[in-house]
Amino acid sequence: MRAVRMTHWGGPPVLTEVARPTPRANEVLIRVEAAGVCRSDLHVLDARPGVLPYRTPFTLGHEVAGRVAERGPGAIGPGVGQRVVVYGPWGCGQCTRCSAGAENYCDRRTELDAVRTGTGVGLGRDGGMADFLLVPSGRVLVPVGDLPATQAAPLSDAGLTAYHAVAGIRPSLPLDGDGSRGDGGSNSSDGSATVAVIGVGGLGHLAVQILRATTSAQVLAVDVREEALALADACGAHFGTLLRPDTAEALRRRAGGVGVDAVLDFVGSHSSLELAVGALRAGGELAVVGSGGGELTVRKPGALPPGVRISLPFWGTRPELEEVVALARKGVVRVETEEFALASAPEAIDRLRSGRTRGRTVLVPD
C-alpha cells in the first residue's frame, strides 16, 4: 500500500510503498477514506533529532476516517464494513484516565514517551496518510454513520480539540436554550457572556460553531487575515476584528467595558497571549490551544488579571469525540475543507506551510 512517511528528522515527507498490515489479537485494520493535514504535522516534520520522543520512520496523519476492513480475532467495537473516525491519542488503555476515555491525559504518558512508543496515531506510530491504517483496538474507533469522511476526519483533532477547549470554559458560560449559567456572570450589553476566539483557522472556525451550538455566549473573533474574519462571520461569530494595537480595548468595549469572560487562543504566540491578557476580565478563563511559541509570566501580583484561570487543552476525550460527531451529523458543525489526492500530499503540506489554506486540508486516497 502507499503511505506518506516521515523518514528522517528535518526531511520532507516521502510518498512510498509499504507492506499492508494484517490485524492480530485486538487490532483492527481501517481502509482509509480521508486523512487530515494539520500544523502539528509541520511541527513533527520540522523537529530536530531528539526533540520528540519518536523513532523514525513512521507514517504521518493523525486525523483519520474510513471503513473497518479486517479485525483481529480478539477485536472489539465496530464490525467489518462499518464507517468510523479514529480517536487519535493512544494511551496505555488501562490507567484510570484511559479507562474513562481520556487517553489524551494518560497517567503513563511520560513512561510511554520514555520507551518511544509514540503519542498516538501518526505521532510516532503509523498514521492515516495511507491506503490502510492499523489501530491497536476497537476502543479507539467512533462510528460516524453516513457523515462524509472528509468531514469526519478533521473532527478527530481540529473538531475534538476545539470541543475540548470549549468544554473547559463552558461551566462559566450561559447554556444554550434557557440562558441558565454556571458560576460566571454576564457582562455584554445584552446580558450574555463573551468569548474571544483568537485565530480563526482550522480549529478556530470550528470553535466558533461549537460555541454557537452549545452556549448562548457572544462570540468575538480575532485574526490577522480578512478572509479568516469572513470565515468567522460565516460560522456565526457575532463580531470580528483584525489584530491591531487597540484590539484588546475594542474587545473590552464589546464586552461591556469590563473585559471578556473567556479567551480561546488558537495561536499561542507572544502577540496573541498579550491580547488575551489585555482583553480578559478579572476571574476570566484563558485556554491556550495554539503552539505558537509565546510565553506568559505567572506572578502574583503581575500582569494577569486577578482570579484568571489558565488551561492548556490537549486533544480531547473519546466521549467528547462522540459528542462532536453527533453535532456534525446534526448539521450544526461543518468543517471548511480543501481536498487533495493522497499522491498530492507533499503539495498539500507545502500549501499549509505557506498559510494558503482556508479551514482544514484533507487527503483522499485516489
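Visitor: How does the radius of gyration of the protein chain agree with that of a compact globule?

Guide: The structure is a predicted model. A compact globule of 366 residues would have a radius of gyration near 21 Å, and the protein chain has 20 Å, so the two agree. The C-alpha trace spans about 60 × 40 × 40 Å along its principal axes. The chain holds 10 helices and 18 strands.

Visitor: How much space lies in the largest pocket?

Guide: The general idea comes before the case. Rolling a probe the size of a water molecule over the atoms shows where empty space is left. Here the largest pocket contains about 1400 Å³. Its lining has 50 residues, and those nearest the centre are Arg-39, His-43, Phe-266, Gly-290 and Ser-291.

Visitor: Which elements give two or more residues to that lining?

Guide: They are H1, helix H4 (149-169), strand E12 (218-223), helix H6 (226-234), helix H8 (270-279) and strand E18 (360-364). H1 supplies the largest share, 4 residues. By class, the lining has 23 nonpolar, 19 polar and 8 charged residues.

Visitor: At what angle do the axes of H1 and H10 cross?

Guide: Helix H1 (residues 39-46) and helix H10 (residues 345-353) have axes that come within 10 Å and cross at roughly 100 degrees. Angles of 65 to 115 degrees count as roughly perpendicular, so H1 is roughly perpendicular to H10.

Visitor: Which residues of H1 and H10 meet?

Guide: From H1, Arg-39, Leu-42, Leu-45 and Asp-46 meet Ile-349, Leu-352 and Arg-353 of H10. This contact has 4 nonpolar, no polar and 3 charged residues.

Technical notes
Residues numbered from 1 in each chain as written. Predicted model: local features only at pLDDT ≥ 70, side-chain atom pairs only at ≥ 80, totals over all residues. Heavy atoms only, no water. Axes fitted to C-alpha atoms, helices over the stretch in contact; angles between N-to-C directions. Parallel < 35°, antiparallel > 145°, perpendicular 65-115°, else oblique. Contact = heavy atoms within 4.5 Å. Nonpolar A, V, L, I, M, F, W, Y, C, P; charged D, E, K, R; others polar. 1 Å grid on protein atoms, 1.4 Å probe; cavity = no way out; pocket = protein on both sides within 12 Å on 5 of 7 lines; lining within 4 Å. Points joined across faces, edges and corners; volume = space filled by probe spheres on them. Rg over C-alpha atoms; globule rule 2.2 N^0.38 Å.
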